[in-house]
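Have the structure open as you read.

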Amino acid sequence: MSFEIYLESVDREQGHSHWIDVLQFPACIGRHPDCEVHLDGVRISRRHAELRRDERGDLEIHDLDSTNGTFVNGERISEPTLVFDGDLIHVGDRELRVVRQRIAGASKAASKTQIGIGTLPNRFPAAARALNDLMQRGLVTAYSQPIVDREDRIVARELLGRSQHPSLESAPGPLFQLAGTLGREIALSEMMRRRGFALADAVQHEHAWFFNIHPRELGDPDRLLKELADLRGLYPMLKLVLEVHETAVTDQSNIASICRELRAMEIALAYDDFGAGQARLRELVEVPPDYLKFDISLVRGVNEAGSPRRRVLESLNSMIRDLGIRTVAEGVEDAATAEACREVGVDLLQGYYCGWPEPLE
């Protein structure tokens, strides 16, 4: 018998845990994106600790001169320390439990860690392996959905990432949920973005291309901006609009800094899903975007007589357009809703009525 090693990460605030796979040894633990075990946390060093196999194949942990120390079962370590099944490792403010799972009929040399999670179905280990395969082989593509003006002319398109892996759903929602349990949502977002830009560049340069980022990417603006600068260098002719979800626009200094860099790269900014959360008006004044997209929750029902949504949408649209921001209505699914949005004065429309997502390949 041989064993697979997992690290169970406990999120005590949200009341759930997930298991982190260790794909190779040594495995660095820290905040740096290149770490094999990537963890976020203000008390975690960029390269905090390292898991290694000793000469007998047993698991040991080394502290990498971290600021806040590495602890095994409550004791701070200063030397390489063996860890066993059930041991608790504290890295900064994160708690990790060592889990060993027995594997029949596999040698140590050939064994490979898998992942399990208590809050997901039993098929999760297989799905995790499929996601790793998708990432290694780049099995993603892009769709585009048209955005039309008040005369129904296509003036822009939104890039939408899709999986091409035969064992995974193509829709991005479940895919990013899976990637999130593995800490790979940023890498997946980057992969989809690179593929989408390449396909968009091969299609045409006339329309603007709206594209999304994962909310976690705002936590590492240097990485995000470097990637966008690299892509801008590869595709200088594309008209690009970066979408940021309205709930992520909370750190005004961070967004303002990102906005300045985007302007230098000639990339426009859009606030997405406005109205889905707190509809923060302050950010519109402090860091005004080029576009604002009204969430479907504000758009649906605007064609109904006496609809309060219509009055709210009309007031918001008037105020936002007075700030020089172009408005987009999302979720336009029928002619009556489209006409109501035009009457309200919304600049651009997006939804199934305006056009279904279609593959770029």
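Predicted model: local features only at pLDDT ≥ 70, side-chain atom pairs only at ≥ 80, totals over all residues.

**Aromatic rings and their partners**

Residues are numbered from 1 along each chain as its sequence is written, and side-chain values use heavy atoms, with hydrogens and water left out.

Q: How many aromatic pairs does a search of the whole structure find?
A: Rings of Phe, Tyr and Trp (its six-membered ring) pair if their centres lie within 6.5 Å; planes under 30 degrees apart are stacked, over 60 edge-to-face, the rest tilted. Searching the whole structure gives five.

Q: What kind of aromatic pair do F210 and Y291 form?
A: Their centres are 5.0 Å apart. The planes stand at 65°, so the pair counts as edge-to-face.

Q: Is F210 buried or exposed?
A: The relative accessible area of F210 is 0%. That is under 20%, so F210 is buried.

Q: Why is the pair of Y352 and W356 called stacked?
A: The ring centres lie 4.0 Å apart. W356 is exposed, at 55% relative accessible area. The pair is stacked because the planes meet at 5°.

Q: Which residue lies over the face of F25?
A: A charge sits over a ring if NZ of Lys or CZ of Arg is within 6 Å of the ring centre and within 35 degrees of the ring normal. At 4.8 Å from the ring centre of F25 lies R53.

Technical notes:
Buried < 20%, exposed > 50% of the residue type's maximum accessible area, 1.4 Å probe, protein only.
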